[in-house]
Amino acid sequence: MRSLSISSAIAACLVSPYSLALDAHVHGAAVLEVAKEGGEIEAVLRSPMANIVGFEYEARSAEDKATQANALEILKNANNILKLSASAHCLSDNVEVVLGHDDHDGHDDHDGHDDHDGQDDHDGHDDHDGHDDHDDHDGHDDHDDHDGHDDHDDHDGHDDHDGHEDHEGHADITATYRFTCSNPDALTDMNVGLFDAFNRVEKLHVNLITDKGAQQFELTPSSNHFKF
């Protein structure tokens, strides 16, 4: 029987079509990478933060911080999120949860100017070059409010985000679970409690790698388990 490196298996899962699908950052969808080697199991859950917490901006208020802390506490309960065959006697060794925002640098791809670079491709005049056969427009084509910003005066260089809360770009949560099963021969299936714990999750793409090979599943609240 071929020996399987869990770390190598997880690395392979990360380039699978299901895993890459999460790059689209679709709310309601998540990906679970599972690798099984003997009595050792490692599972990596990746989900948009909105599915778990309900928002993706940085928690600043006391209410938001409490909401986030409560959600993460539930997520860290490995036996609640991933339920293995009871007769396999599996124990959770370790749970790691990481929050990560994308590379928008707090500007949601606006780079400080909502990609208008202060002009919104109007070169100060909405491409009318001061005339555009609209003599009555006094060189501005009724865009006096543009002032070089195509009616984006409210942007003030930041798309009216004023601190960027609620628009800080996408954020994901990655949770890594590790289990050791004392009776691995009895390990036959996994039930996913993620749907019950977080009802914003509507679809879970599963990549499973064992010493038998690779499998893929798509789980939903009404079909929330798979067999090894």
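Arg60 is partly exposed, with a relative accessible area of 40%. Partly exposed here means between the cut-offs for buried (under 20% relative accessible area) and exposed (over 50%), with a 1.4 Å probe and protein chains only. The model is predicted: local features need pLDDT of at least 70, side-chain atom pairs count only at pLDDT 80 or more, and totals for chains, interfaces and linings use all residues. Residues are numbered from 1 along each chain as its sequence is written, and side-chain values use heavy atoms, leaving out hydrogens and water.

Arg60 pairs with Glu58 in a salt bridge at 3.7 Å, N to O. A salt bridge requires a side-chain nitrogen of Lys or Arg within 4 Å of a carboxyl oxygen of Asp or Glu. Glu58 is also partly exposed, at 43%. The structure holds 3 salt bridges.

Arg178 takes part in a salt bridge with Glu42 (3.4 Å, N to O). This pair links distant parts of the chain, 136 residues apart. Glu42 lies in strand β2 (residues 40-48) and Arg178 in strand β5 (residues 171-181). Strands are DSSP runs of E with at least two residues, numbered from the N terminus. Glu42 counts as buried at 14% relative accessibility. Arg178 counts as partly exposed at 25%.

Arg178 also meets Glu96 in a salt bridge (3.5 Å, N to O). Glu96 sits in strand β4 (residues 90-101) and Arg178 in strand β5, so the contact ties together parts 82 residues apart in sequence. Glu96 is partly exposed, with 37% relative accessibility. Through shared partners, salt bridges join Glu42, Glu96 and Arg178 into one network.

Definitions and conventions: Helices (H or I, at least four residues) and strands (E, at least two) are DSSP runs, numbered from the N terminus.
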